Amino acid sequence: METTHRIFFQNSNDMSALSPASVDLVVTSPPYPMIQMWDEVFIDLNPAIRKALADQRGMAAFEMMHKELDCVWEEVLRLLKFGGLACINIGDATRTIGNDFMLYPNHSRILAKMLDIGFSALPEILWRKQTNAPNKFMGSGMLPAGAYVTLEHEHILILRKGPKREFRSAIEKRIRRESAIFWEERNAWYSDVWFDLKGTTQKMATDDVRHRSAAFPFEIPYRLINMFSVKEDRVLDPFLGTGTTMLAAIAAGRHSNGFEIEPDFRKANLSGLTEVKELAKVKTANRLDNHMAFVNQRYASGSKLKYRNKHYGFPVMTNQETELLFNTLESIAETGDNTFKVCYCDKPQEKYVTDQEGSKRLKFFSCLDDNKPEAEPSPKKNIQRRLFD
Ligand SMILES: C[S@@+](CC[C@H](N)C(=O)[O-])C[C@H]1O[C@@H](n2cnc3c(N)ncnc32)[C@H](O)[C@@H]1O
C-alpha cells in the first residue's frame, strides 16, 4: 500500500488546488475566535476586527472572526464526497471586554453555519482537557451569584455531507473490513466523552512556533481517522498547524492534504514527518499489545472469544474484526514541493501472528486449548454480540 500527502502553505478559504468531492474526511481544529492568542491571525484576515475589539464590541468581533472561518467551511462542503464527514475540534471562549465577562460559544456558531450550508449533524464528542490548575475559579469565588463555571472541555463536532456512505464493491468491502477497530477500542472511542487524552507530544521547531501552534494531542486525529474513514481514504485538515492530522493519517494508512497559512510551520511539519515512522510503529504495537492484554484478561476470567482474526490468528470478539490488519509504515520520502509518498508493508506484524511458533510467545494461547466452558453470557452481552457478529 502507498499513500500520498501534500501541504499547501496558503489560506484555506480557497482550496481550489483540490478537486470538488475528492475528500473522504476532514479532521481539523481552527483558530478559536475570541481566544486572545488568535486575535492577530484574524486581524490579518480582516483589519476591522481590531477596531471592534478596541471599541469593546465583543459580539461584533466574534461574528467577524467567524465570517473568516465560514469561507473555509463552505470550501469543506465543496471538497467532501457525498457521505463524507467533517470532525471539527473547537473550544468555546470566555473573555472580558470592557467590564463585560461572557462566553463566546464558538461550537454553536460553527454548528449553526454547518447546518445552514447543508451538513447533517451527528452526535458529538466532548473531550476533557487536562488542566494544570483544577481548583482555579473565575468571578466572585465562594460568593454567589457572580462565580463562573471553568471551561475544561472542548467539542468535536461531527457532520456529514449528504446521505450515509455506502461500501458497494468487493474491494471497498475488503478495505473496510481490514480497517476495522477492535471491539474493546470501539467501546471507548465511540463514547461521547473522552477523559483519557494526554497533552500534546509534538516537538516543535522553535519556542515561538510552539507558542502559536495550539497542537491537539495525536490521539484525537488518530482516533477520528480510524473511526470515520477507511484505509486509502483522503483526509483533509484546512488548519494544519504543526501537522498532527497529517501524521495521524500517515500512521493510519490514509492519504492526506493540509493547508496552513503560516509558512513558519514548515520546519515543525518536516520534523514531525521524520519521526512519524517510529510514532506509527509504537502506536500499532500499543494497540496490538492492548488487544493481547484484553484477550488474556478474557481467558483468565474464564470467557472465550468466538472468532479468530484471519491475518494474525489471535482471538477477537466479533466477526467484524476477523480481517482487521495493521500496515507497518516502511518508508517516507519527499517527492516534490511539500509532497510526500509513504510505503507500507501489507503483511501482519510477525510478533503478533499466532502461528505455531508465534503462539508460544502469547500467554493467552495456552488458554485456548484448555476445555474451560465459556462463561454464560449475560442477556446484555448477548445483545451486544448479536449487534456485532
Ligand atoms: C488551532 S491551530 C491548529 C493546530 C493543529 N491541529 C496542530 O495539531 O498543530 C490553527 C491553525 O490554523 C492556521 N490558520 C488560521 N487561519 C488559517 C487560514 N485561513 N488558512 C489556513 N490556515 C489557517 C493557524 O496558523 C494555526 O496554525
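This is a predicted model: local features need pLDDT of at least 70, side-chain atom pairs count only at pLDDT 80 or more; totals for chains, interfaces and linings use all residues.
**View 1. Threonine 28 and its surroundings.** Threonine 28 sits in strand 2, which covers residues 23–28. Is this residue buried or exposed? It's buried, because 25 C-beta neighbours fall inside 10 Å and the cut-off for buried is 20 or more. Look past the neighbours within four places in sequence, and threonine 28 is in contact with Ile88, Asp237, Pro238, Phe239 and Thr245.

**View 2. Helix 9 crossing helix 10.** Here we have helix 9 (residues 244–252) and helix 10 (residues 266–300), with axes that come within 9 Å and cross at roughly 50 degrees. That angle is why helix 9 counts as oblique to helix 10. As for handedness, the crossing of the two helices is right-handed. On the helix 9 side, the residues that meet helix 10 are Leu247, Ile250 and Ala251; their partners in helix 10 are Gly272, Val276, Leu279, Ala280 and Lys283. Sort the residues of this contact by type and you get six nonpolar, one polar and one charged.

**View 3. The shell around the ligand.** Which of the 19 residues around the ligand come nearest? They're Ala215, Phe239, Gly241, Thr242 and Thr244. By type, the shell splits into nine nonpolar, eight polar and two charged residues.

Key: Residues are numbered from 1 along each chain as its sequence is written. Helices (H or I, at least four residues) and strands (E, at least two) are DSSP runs, numbered from the N terminus. A residue is buried if 20 or more other C-beta atoms lie within 10 Å of its own, exposed if 12 or fewer, and partly exposed in between; C-beta atoms are placed from the backbone. Two residues are in contact if their C-beta atoms, placed from the backbone, lie within 7 Å. Axes are lines fitted to C-alpha atoms, for helices over the stretch in contact, and angles run from 0 to 180 degrees between N-to-C directions. Angles under 35 degrees count as roughly parallel, over 145 as roughly antiparallel, 65 to 115 as roughly perpendicular and the rest as oblique. A crossing is left-handed if the near helix is turned anticlockwise from the far one by less than a right angle, and right-handed if clockwise. Ala, Val, Leu, Ile, Met, Phe, Trp, Tyr, Cys and Pro count as nonpolar, Asp, Glu, Lys and Arg as charged, and the others, Gly among them, as polar. A residue is near a molecule or strand if its C-beta atom, placed from the backbone, lies within 6 Å of it.
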